[in-house]
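Dear colleague,

Please find below the structure that I am handing over to you.

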Amino acid sequence: VADTSRFGDIRAFNEEMHRRGHHVIAWITPVFDSVANGFEPLSKKMDVLSPTAIAPLGVEGCYVLDFTSDNIQAYFDKVCRKLFGDGQGEYHFDGAKMDYMALLRNPAKCTGYRHPERGLGLREMKLCLETFHTAAKKVRTEVLVNCSVTDPRAEHLLDMNRLHDTHAGTIEKEFRARVASTACPDLLI
């Protein structure tokens with residue numbers, strides 16, 4: 001849910017950008033959600049939160065999603081309809097940059113997986129990417145799904161690979177590009 005005090009009418013902004021010939025992508029954090037924003041989030045209503053609390057960048061009240069839960073596909077279907085749909089109350093973004101993916105639960109330290117047989121660790125990350133990709137493409141096939149991966153098993157689940165945050169200038173960017181293109185040669189960087 002967009003914070004209207006910070007973003008005003010995000011749908012109107014997106015439509016104005018579309019009129020000007022631009023595409024707009026949402027910066028999202030699909031691995032965790034906050035329960036401390038003054039309303040019950042969809043993740044809690046649909047029972048996809050794990051019992052694992054985290055405080056990314058010092059933000060309290062955040063919980064990691066459980067991608068092994070029974071409702072995860074239905075949850076992402078609703079999230080993607082809200083993000084990419086063009087109906088009443090939907091934002092009509094053209095894509096999503098998925099960030100903070102490294103905050104997925106560590107199975108060596110966490111409990112509360114509803115169906116651990118569906119995948120832990122990297123397999124749970126693949127579940128996340130699969131469910132999000134499927135949901136996004138149901139809304140609009142041309143939606144851009146962007147994330148940072150260096151695993152060829154995830155290459156078909158993204159439209160664009162980003163090199164993530166770099167801090168050491170050109171050499172680091174070139175190295176990351178080499179690694180990403182070696183692991184996922186068919187994925188646009």
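In which loop does Tyr100 lie? Tyr100 is placed in the loop between β5 and α5. Its phi is near 60 degrees, a positive value in a residue other than glycine. With a relative accessibility of 27%, Tyr100 counts as partly exposed.

Please note that this is a predicted model. The mean pLDDT of the chain is 93, and 100% of its residues reach 70 or more. Confidence is lowest in helix α1 (residues 4-7), where the mean is 89, and highest in helix α4 (residues 72-84), where it is 98.

Asp47 is another residue other than glycine with a positive phi, here near 55 degrees. Asp47 belongs to the loop between α3 and β3. Its relative accessible area is 45%, so Asp47 is partly exposed.

Asp66 is found in the loop between β4 (62-65) and α4. Because its relative accessibility is 0%, and buried means under 20%, Asp66 counts as buried. The side chain of Asp66 makes a polar contact with the side chain of Thr68, at 2.5 Å. A polar atom of the Asp66 side chain also lies 3.0 Å from the backbone nitrogen of Arg114. Leaving aside neighbours within four places in sequence, the residues in contact with Asp66 include Val48, Leu49, Ser50, Tyr113, Arg114 and Glu124.

The largest pocket holds about 1,500 Å³ of space. It is lined by 36 residues, of which Val1, Trp27, Ile28, Thr29 and Asp33 are the closest to its centre. Two or more lining residues are given by each of α1, β1, β2 (32-34), α3 (42-45), β4 and α4. The most, six residues, come from α4.

With kind regards

Notes:
Residues numbered from 1 in each chain as written. Predicted model: local features only at pLDDT ≥ 70, side-chain atom pairs only at ≥ 80, totals over all residues. Heavy atoms only, no water. pLDDT = per-residue confidence, 0-100. Helix = DSSP H or I, 4+ residues; strand = E, 2+ residues; numbered from the N terminus. Buried < 20%, exposed > 50% of the residue type's maximum accessible area, 1.4 Å probe, protein only. Polar contact = N/O pair within 3.5 Å; in protein donor to acceptor, adjacent residues only side chain to side chain. Contact = heavy atoms within 4.5 Å. 1 Å grid on protein atoms, 1.4 Å probe; cavity = no way out; pocket = protein on both sides within 12 Å on 5 of 7 lines; lining within 4 Å. Points joined across faces, edges and corners; volume = space filled by probe spheres on them.
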